[in-house]
Amino acid sequence: MTEMAIQVHDLRKSFNDTHVLNGVDFAVRRGEIFALLGSNGAGKTTTINILATLLQPDGGSAHVCGFDVARQPESVRERISLTGQFAAVDGILTGRENLVLIAGLRGVADARQTADTLLSRFGLRDAANRRAASYSGGMTRRLDIAMSLVGAPAVIFLDEPTTGLDPEGRLEVWKTVKELADGGTTILLTTQYLEEAEQLADRIAILHGGRIIASGTLDELKQMFPPAKVEYIEKQPSLEDIFLAIVGQKERK
């Protein structure tokens, strides 16, 4: 079995005359948190939607868990889950009812036991019988991610999972993501919050102009940045410094 959970090669996608992806290449190892960074319109969500079989690519190839997303979409869907920018939680239902509903749709044998296990895992047991509409932003996101885990997917796509959350809610989601990766789940994360990638990602790729212009661990990306300035103390570059420098270099060429 390949150690790569996701493999993308020369991925291309256009909408009318707008070329969004112009030959994207990257790979994600099993059990890894991989962050895909980019400005608005860089193609992050388009990439996620192709990998989740929601969009057909115009060219190139993409494989998830060894299956071709274009030719074997059903096999891909059996092994993935997607949490988009907006929570797919039914506010009229309770937290438990949301989980039971998804478990039933996924054909899980013991839907109620699965729901109770996930409620405990995500710290939602005390709120299990409350309508989801009464949850805080962080609780709603945790429930949304818990719903993504029904059926034990091998790969989870998190498309800007903390958009709109307050700092406390973001920290709750960060903790959840780290726990998922510690349990062996592969996570592809898109975000505009560079601190988020800095805190969570094992490896980072920067998407700009329809291509991956830099990738590696945070330490590897730091090596692309000018040496630290020494004033009163040594100042190490943040991921935001690195991102802006790399994107700026590409735009000047």
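**Sheet, cores and pocket of a predicted model**

Modeller: Four strands make up an open sheet, ordered 2-1-4-5, with antiparallel pairing. The edge strands, strand 2 and strand 5 (67-68), each pair on one side only. The model is predicted, with pLDDT of at least 70 needed for local features and 80 or more for side-chain atom pairs, while totals for chains, interfaces and linings use all residues. Residues are numbered from 1 along each chain as its sequence is written, and side-chain values use heavy atoms, without hydrogens and water.

Colleague: What makes strand 1 and strand 2 a pair?

Modeller: Two strands pair if DSSP finds at least two bridges between them; strands are DSSP runs of E with at least two residues, helices runs of H or I with at least four, both numbered from the N terminus. Strand 1 (residues 4-15) and strand 2 (residues 18-29) have nine bridges in the antiparallel sense, so they count as paired. Arg-12, for instance, has Asn-22 in strand 2 as its bridge partner. Strand 1 also pairs with strand 4 (residues 59-64), antiparallel, over five bridges, where Val-8 is partnered by Ala-62.

Colleague: Why is Leu-11 called buried?

Modeller: Buried means under 20% relative accessible area, exposed over 50%, and partly exposed in between, with a 1.4 Å probe and protein chains only. Leu-11 has 0% relative accessibility and therefore counts as buried. Leu-11 is found in strand 1. With contact meaning heavy atoms within 4.5 Å, and residues up to four places away in sequence not counted, Leu-11 touches residues including Leu-21, Val-24, Ile-50 and Ala-62.

Colleague: What makes the set of 47 residues a nonpolar core?

Modeller: The term denotes buried Ala, Val, Leu, Ile, Met, Phe, Trp, Tyr and Cys residues joined through side-chain atoms within 4.5 Å. The largest such core has 47 residues, and Leu-37, Leu-99 and Phe-122 are among those with the most contacts inside it. Apart from this core lies another, of 27 residues, including Phe-26 and Val-155.

Colleague: Which residues lie nearest the centre of the largest pocket, and what makes it a pocket?

Modeller: On a 1 Å grid over the protein atoms alone, a cavity is a set of points where a 1.4 Å probe fits but cannot get out, whereas a pocket is an open set with protein on both sides within 12 Å along at least five of seven lines; lining residues have an atom within 4 Å of a point. The largest pocket has 13 lining residues, with Ser-81, Leu-82, Ile-102, Met-147 and Ser-148 nearest its centre.
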